[in-house]
Amino acid sequence: MMLELLPQQLANGLALGSTYALVALGLTLIFGVLLIPNFAHGEFYMLGAFVTYALVATGLNFWLAMATAVVLVVLIGWIVDRVVFQPVAAAPGHDSGGHGSGLSLMISALAGSIILQQLATIIWGTEARTIPAPMTGMVRTSLFTITYLQITIIATLAVAWTAVWLVLHRSRLGLAIRATSQNRDAALLMGISMTRVRLATFAIGAALGAVAGALLGATFPIYPSMGVNPVLKAFVVLVIGGIGSLPGAIVGGLVLGMVEVMVAGYGSSQFQDIGTFLILVAVLLIRPQGLFGRAQVER
Amino acid sequence: MTGSNSFPRTVIAASAVFIASCAVALQLNDYYLYVVTIGAIFAVLAVSFDVLLGYTGYLSLAHGALYGLGAYSCAVLTANHGFGFWTALPIAGLITGAVGAIVALLSFRTRGLYFAVLTLGIGLIGHQLFLVFDEVTGGVGGFVGIPGPEQPDWLRVSPTAYSALLALGLLWVTFVAAAAFVRSKLGAACLAIREDITLARALGIRVAGARLAAFTFSAVFAGLAGALFASMSNFIAPESFTVLGTGFQLVALVVVGGMGTLWGPIVGAILLTALPEALRVAATYSLLAYGVLLLVFVIFAPKGIASLLKAALKSFRKAPRPAPDATPLRREVTS
């Protein structure tokens, strides 16, 4: 084994895993609080990258572009919730308790994802583009080198995680969100405004997705279907970490990033994705509620 | 539900429609014959997929890959091992059914979102495997030179017409087999699972066997559809078997056509596969239209076109009688 490469692999895996964790954090929040399997989350990520790209192309500074993109994607997230999810949840046929629960939400999420993807294809075309990197250069140590951008991504995850934790645990809004995720009916009875909880949850989720997209878009090429793989990986992370568990999303994301880089480094990059989903299958078979999941409520 | 119609009547009706569509198909030019073939193959996929989604209540996203498995099995058997189409077709169906059963055994340990995510992962692994094993599958470049289905001498039609007839024939077989399945004890057990799995278990219904049968059934016919697709197109590539292409398309066909009926998915396949092809709509716009249609139907008519048609038929029959209005009820309340 090429052990001298290990620290370098770990550094790369940490950076890759951080983007997975960012996407998974938003996804698990939306699922944990609102019980929405948001397949369109990958499109928040994709739009974050493309709006940043479009704004940078007009000459705007990368960080300003990213901030604007986050605001726009949050607006899009609200529209998606209003148009795609709320009508389905309110439809008479939708059962919120039975076995088939979530089937129609899942289907409408798939529809929303395809619609956003095809709209992006119509606007920007299918060819891959790149956002000019906002910073170059790297830190070299005796063991590994890490680019400033990778450090930024890891730091962003730390900041985002802290911010989400503070909102959830140190604000009245966060209290409302946590109450809703524990028991929606009881929360409604306590006078918690579901509209505010929905808006806040989608805003946080979409913002996290957009930031991840913009940062990764500065490293890798962007294209309209770029959100598909990360959202699938984020679902894998959710399942590994336990659906609705925020620490699970972080740890799951980092572990997945590390494993992928290891598989690609020591095995073959062709098997990178297969490795991911083999982990998924293994976790689901051995511990269906996920590593950090509480005993799964039978739905 | 089509429960009120007896099985022989369903078979006779299906046969009549089959003969009529064959007669119409023979009048068409080559391009429209191709449209009929593709539409019928997707209808086969949609009908068998609905046995799982509409009748049993499980959303599988692995069926794009299972369809591909049938296609590659047929391609390898006929092009590399010299099998005839008629031998390769059932073998491809059996292989896909066997793999489908294994996938089902893995996936049914989970339910709801977990089931969708797990089958989605399996669908992606399948698609990746078509790319990775390029010595067998041809990788990205695709599998070239698959022999077409051999044609009997007495049937004097063009090869494209023959493909269309085969596809319509497979659709007839699928429809009749699915009709028999949903009327069987297994089918009744599947409905019980869809409605309330806990209750079904409590009543002593063999849940595991029934849903395994439903998944395997849909896998076998996905494999047969794939085999016919490979043989008639002479060329297949992994891009035809993606999760978000074919896998998603299947969901759209079934939901728009009507979950829980067998003819609804056929209507869905005609509207969403054959029609855009016939009108030569650009792929981007047709996928966008899929998304919009799917969303509109999930929100406003979750039971699809089939339920709309049924409702229209009902109100048409009732039309002579004046519709009862709310007045008697109101009187009751006020008195």
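Me: Helices are DSSP runs of H or I with at least four residues, strands are DSSP runs of E with at least two, and both are numbered from the N terminus. In which element of chain A is A:Ala54 found?

Reply: This is a predicted model in which local features need pLDDT of at least 70, side-chain atom pairs count only at pLDDT 80 or more, and totals for chains, interfaces and linings use all residues; side-chain values use heavy atoms, with hydrogens and water left out. Residues are numbered from 1 along each chain as its sequence is written, while chains are lettered from A and ligands numbered from 1 in the order in which they are written. The C-alpha atom of A:Ala54 is separated by 9.5 Å from that of A:Ala69, 15 residues apart along the chain. The element that holds A:Ala54 is helix 2.

Me: Is A:Ala54 buried, partly exposed or exposed?

Reply: Buried means under 20% relative accessible area, exposed over 50%, and partly exposed in between, with a 1.4 Å probe and protein chains only. The relative accessibility of A:Ala54 is 28%. This residue therefore counts as partly exposed.

Me: How many helices and strands does the secondary structure of chain A have?

Reply: Read along the sequence, the pattern of chain A is α-α-α-α-β-β-α-α-α-α-α-α-α. The secondary structure of chain A comes to 11 helices and 2 strands.

Me: What radius of gyration does chain A have?

Reply: The radius of gyration is taken over C-alpha atoms, and the globule rule is 2.2 Å times the number of residues to the power 0.38. For 299 residues, a compact globule would have a value near 19 Å. Along its principal axes, the C-alpha trace of chain A spans about 60 × 50 × 35 Å. The radius of gyration of chain A agrees with that of the compact globule, at 19 Å.

Me: What relative accessibility makes A:Gln8 count as buried?

Reply: A:Gln8 lies in helix 1 (residues 6-34) of chain A. Leaving aside neighbours within four places in sequence, A:Gln8 is in contact (heavy atoms within 4.5 Å) with A:Leu143, A:Phe144 and A:Thr145. A:Gln8 counts as buried because its relative accessibility is 19%.

Me: What is the phi of A:Leu35, a residue other than glycine?

Reply: Most residues other than glycine have a negative phi. A:Leu35 is in the loop between helix 1 and helix 2 (41-57) of chain A, and at 36% relative accessibility this residue counts as partly exposed. The phi of A:Leu35 is positive, near 55 degrees.

Me: How far are the C-alpha atoms of A:Gly265 and A:Leu5 separated?

Reply: A:Gly265 has its place in helix 10 (residues 246-266) of chain A. With a relative accessible area of 32%, A:Gly265 is partly exposed. A:Gly265 and A:Leu5 are 260 residues apart along the chain, and their C-alpha atoms are separated by 8.9 Å.

Me: Why is chain B as compact as a globular protein of that length?

Reply: Chain B has 15 helices and 2 strands. The globule rule gives 20 Å for 335 residues, so chain B is as compact as a globular protein of that length because its radius of gyration is close to this value, at 21 Å.

Me: What share of the 335 residues of chain B count as buried?

Reply: The C-alpha atoms of chain B fill a box of roughly 80 × 50 × 40 Å, taken along the principal axes. Among contacts in chain B between residues at least 6 apart in sequence, 80% join residues at least 24 apart. The share of the 335 residues that count as buried is 53%.

Me: Where is B:Asn234 found?

Reply: B:Asn234 is not a glycine, yet its phi is positive, about 65 degrees. At 33% relative accessibility, B:Asn234 counts as partly exposed. The place of B:Asn234 in chain B is the loop between helix 10 (207-233) and strand 2 (235-236).

Me: Which residues of chain B lose the most area to chain A?

Reply: In the interface, 40 residues of chain B are in contact with 42 residues of chain A. Buried area is the accessible area (1.4 Å probe) that two parts lose on being put together, summed over both; the two chains bury about 3900 Å² between them, 82% of it on carbon and sulfur atoms. Together accounting for 18% of what the chain B side buries, the residues that lose the most area are B:Leu113, B:Tyr114 and B:Leu295.
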